[in-house]
Each structure stands twice: as structure tokens, then as C-alpha cells.
Amino acid sequence: MKKFWVLFSLFILPLVFYIFLSKGIYKYSNLPILTEDVIDIKELTNTSTISFENHLSIVCFLGNDSSTAKGSLFNLNQTIYKRFYQKPYFQIIAILPEGSEALYKEAIEELSAFTDISKWQFVYANSANIKALFNSFKTPFNLNENLYSENAFIIDMELRLRGRKDDEDTKDGKLYGYNMKSISILKNKMKDDIDIIYYQLKKSAEKEQRRKREI
């Protein structure tokens, strides 16, 4: 019996550990693309300084009822923004209806009082453009009558909606958006999925550096 446990610890345990790591690395290195060719945010405004291109964007639709959206705004700020805002390419884009500037003035000022909001982008657009942008994500969700969605979305640098195809909490396994009302979803799902994208970017950069050295 003693020999068995010695053999087990020397050979079997390392093999099991290797298989576990291999599966973890595979899962960690891939975050599915759910929608391609979403509308670029710069097409909704008169300025081209804000764009999905060359950015990792977290997009939320806050609508014209600030009392409903404020909790979502602060949950996203505390759980996601503060963790990633110093990372390259990162930005959060909040889509707001034209005319709601005064409604959100106080909330934005409150946000900036304890947060560097330089990577927050607040974009005001008309309802038709907001709906067009949202529909281009091709999700099963809908904006409510105030143009609000409880979900935040990940748009990568190539204008693609990223998410999950094996989510255990959705009917078909596809996770298109992350519920901003749920701290646990933001912390345990969205944060992890953003980490995966940064892992992919790191590996791609390392691969490109190796390619250049070989030339």
C-alpha cells in the first residue's frame, strides 16, 4: 500500500495536475466571438475621437432615467472600471440619449469625485442611432422604453462582440452581456472574460515579437 501511494504521488498526481492545467489554459486562452461587424460608435456622433477601433470597450446603455441607471453605473465603475482603467486600450463607453445631459451631470460629478474617469466616455446620441447600435450587437436582449439595458457588453478592437458559448446559467450557453445589477456576475464572469482578452493580447504580442526576431 505504501508503494502505491509513493507511485501515485510521483506519477499519477503530476499527470492529473498537467491535464487540469492544460484544460485551464485552453479555456483561458479563448473567448468566443458572438457577433462580428458591430457599428462603430464614431458613426453615431459628429466626432471621430471616440471609436471601438483599437480599443477594448465595455459598452453600456444607460437610458434617460438616471435613477434606474445610477446603480448600474456605479457597480460597473467599482467592479470593472477600477480594475482595468490603467490597462492599455481599455475604455468604458456609456450610451446616453440626447437631452439627458443634465440628468447625468450630478452622477458623473459624483463618479469623478473618487475616480479618475479619463477612460469613461459618455456619448449622447438620438434614439434611432442608439437603437441601431444596440441592434448591431445581435443579442437576444431589448432596450426598454427609456433606452436602458441592464447588460454591459464587451466589444473588442476589431468591432466584435465577445462573450461565452458555454455559460452554465443561460439556456443555450451563450452569454452576450453581463448584468450590471449583479456584482457577482460582473466580478466572477465579466472580469474573468476581460482578463482572457488581455491574456490573448499578451500572447499575440509575444508571438509577433518572436516572428520579428526570426526575420
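# Salt bridges in a predicted model

Student: Starting with E53, how exposed is E53 in this thing?
Tutor: E53 is partly exposed, at 37% relative accessible area. Keep in mind that this is a predicted model.

Student: Okay, and which side chain does E53 meet in a salt bridge?
Tutor: That would be K42, with 3.5 Å from N to O. The pair links distant parts of the chain, 11 residues apart. K42 and E53 each sit in the loop between β1 (33-35) and β2 (56-62).

Student: What about K42, how accessible is K42?
Tutor: K42 has 32% relative accessibility, so K42 counts as partly exposed too.

Student: Switching topic: how many salt bridges does the structure hold?
Tutor: There are 13. One of them brings together the side chains of R162 and D156, at 2.9 Å from N to O.

Student: Are R162 and D156 buried or exposed?
Tutor: Buried, both of them.

Student: And D167, what does the D167 side chain pair with?
Tutor: D167 meets R164 in a salt bridge, at 3.9 Å from N to O. The network here takes in R164, D167, D169, K189 and D193, joined by salt bridges that share partners.

Student: Why does D167 count as buried?
Tutor: Because its relative accessibility is 5%, and buried means under 20%.

Student: Where does R164 come out, buried or exposed?
Tutor: R164 is buried as well, with a relative accessible area of 17%. That value falls under the 20% cut-off.

Technical notes
Residues numbered from 1 in each chain as written. Predicted model: local features only at pLDDT ≥ 70, side-chain atom pairs only at ≥ 80, totals over all residues. Heavy atoms only, no water. Salt bridge = Lys/Arg side-chain N within 4 Å of Asp/Glu carboxyl O. Helix = DSSP H or I, 4+ residues; strand = E, 2+ residues; numbered from the N terminus. Buried < 20%, exposed > 50% of the residue type's maximum accessible area, 1.4 Å probe, protein only.
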